[in-house]
Amino acid sequence: MGRKRILTKEEILKETGALLRKEGIHGVHFKKLSTELQVSRSTLYEYFKNKEDLILSYMRNMMEEMNKQIEAIPEEEEPNKKLYDLLFIFLDHAETHHIDQMIRELQSSDQTLAIFYRTKIHEDLMGTYEQMLEWIDEAKRSGLWKDDIESEMVADLIFHSILFPTRHKYGVKEMTDQLFRMIEFGVRNK
């Protein structure tokens, strides 16, 4: 009899993310996941009750990871550098804009838990949006950025950059660099 493979929850969540990106929420099944991870389905049930529990855990983990990175942005940095870092984090975690849709698509037996995660994720995103507005206003007050453009407009551009389809074409770093240059310097040839 073969030895049971030691598996971590992080490995399962990482593979779940890869499967979600590749096949969408309806393509995630314990059978497919167990094949990819080279374990039995019963091993996955040791960690998660069902597919819904797995996907909700993945989404919660993804948001926690993104929030940790945002919280790690040094407070002493110039506001425009903080905003650049935030834009990079957003683009690097672009799947987050699918979370709300995924939660709606889940036929979760625990709707209370699904609603809780949806509410928590919304609160986290709105907190990040408010932080971004503070940094934009700080950049304006310090004279780094013009003050004749509405802060909310700049924040919306950064916040919704995850929806730009060219992110996959250019990669996160190049997309961040180009978008941020457009935000800071415009597109006009002087």
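This is a predicted model: local features need pLDDT of at least 70, side-chain atom pairs count only at pLDDT 80 or more; totals for chains, interfaces and linings use all residues.
**Exercise 1. A network through Lys82**

Which residues does a network of salt bridges join with Lys82? Trace each link in turn.

*Solution.* 
Step 1: Take Glu75. Its side chain meets that of Lys82 in a salt bridge, at 3.3 Å from N to O.
Step 2: Move on to Glu138. Lys82 forms a salt bridge with Glu138 too, and the closest N and O atoms are 3.4 Å apart. This pair links distant parts of the chain, since Lys82 is in helix H5 and Glu138 in helix H7, 56 residues apart.
Step 3: Through shared partners, the salt bridges join Glu75, Lys82 and Glu138 into one network.
Step 4: Lys82 is buried, with a relative accessible area of 0%; Glu75 is exposed, at 52%; Glu138 is partly exposed, at 25%.
Step 5: The whole structure holds seven salt bridges.

**Exercise 2. Two helices, H5 and H4**

Is H5 largely enclosed by the rest of the structure or largely open? Then describe the span of H5 and of H4.

*Solution.* 
Step 1: Count the buried residues of H5. Eleven of its 14 residues are buried, so the helix is largely enclosed by the rest of the structure. Among them are Leu83, Tyr84, Leu86, Leu87, Ile89 and Phe90.
Step 2: Check the span of H5. Residues 79-92 reach 20 Å from first C-alpha to last, close to the 20 Å expected at 1.5 Å a residue.
Step 3: Do likewise for H4. Its 21 residues, 51-71, reach 30 Å, close to the 30 Å expected.
Step 4: Look at the start of H4. Here a side-chain oxygen of Asn50 comes within 3.2 Å of the backbone nitrogen of Glu52.
Step 5: Finish with Glu71, also in helix H4. Glu71 is exposed, with a relative accessible area of 66%. Its C-alpha is separated by 9.5 Å from that of Thr128, 57 residues apart along the chain.

**Exercise 3. The largest pocket**

Which elements give two or more residues to the lining of the largest pocket, and what classes of residue make up that lining?

*Solution.* 
Step 1: Begin with the space itself. The largest pocket holds about 370 Å³.
Step 2: Find the lining. There are 17 lining residues, and Ile149, Met182, Ile183, Glu184 and Gly186 lie nearest the centre.
Step 3: Assign the lining to elements. Helices H7 (111-141), H8 (151-159) and H10 (172-185) each give two or more residues. H10 gives the most, with four.
Step 4: Sort the lining by class. Eleven residues are nonpolar, one is polar and five are charged.

Terms used: Residues are numbered from 1 along each chain as its sequence is written. Side-chain values use heavy atoms; hydrogens and water are left out. The expected span of a helix is 1.5 Å times one less than its number of residues. A polar contact is a pair of N or O atoms within 3.5 Å; within protein, one must be able to donate a hydrogen and the other to accept it, and residues adjacent in sequence count only if both atoms are side-chain atoms. Buried means under 20% relative accessible area, exposed over 50%, partly exposed in between (1.4 Å probe, protein chains only). On a 1 Å grid over the protein atoms alone, a cavity is a set of points where a 1.4 Å probe fits but cannot get out, and a pocket is an open set with protein on both sides within 12 Å along at least five of seven lines; lining residues have an atom within 4 Å of a point. Grid points are joined across faces, edges and corners, and a volume is the space filled by probe spheres set on the points. Ala, Val, Leu, Ile, Met, Phe, Trp, Tyr, Cys and Pro count as nonpolar, Asp, Glu, Lys and Arg as charged, and the others, Gly among them, as polar. A salt bridge is a side-chain nitrogen of Lys or Arg within 4 Å of a carboxyl oxygen of Asp or Glu.
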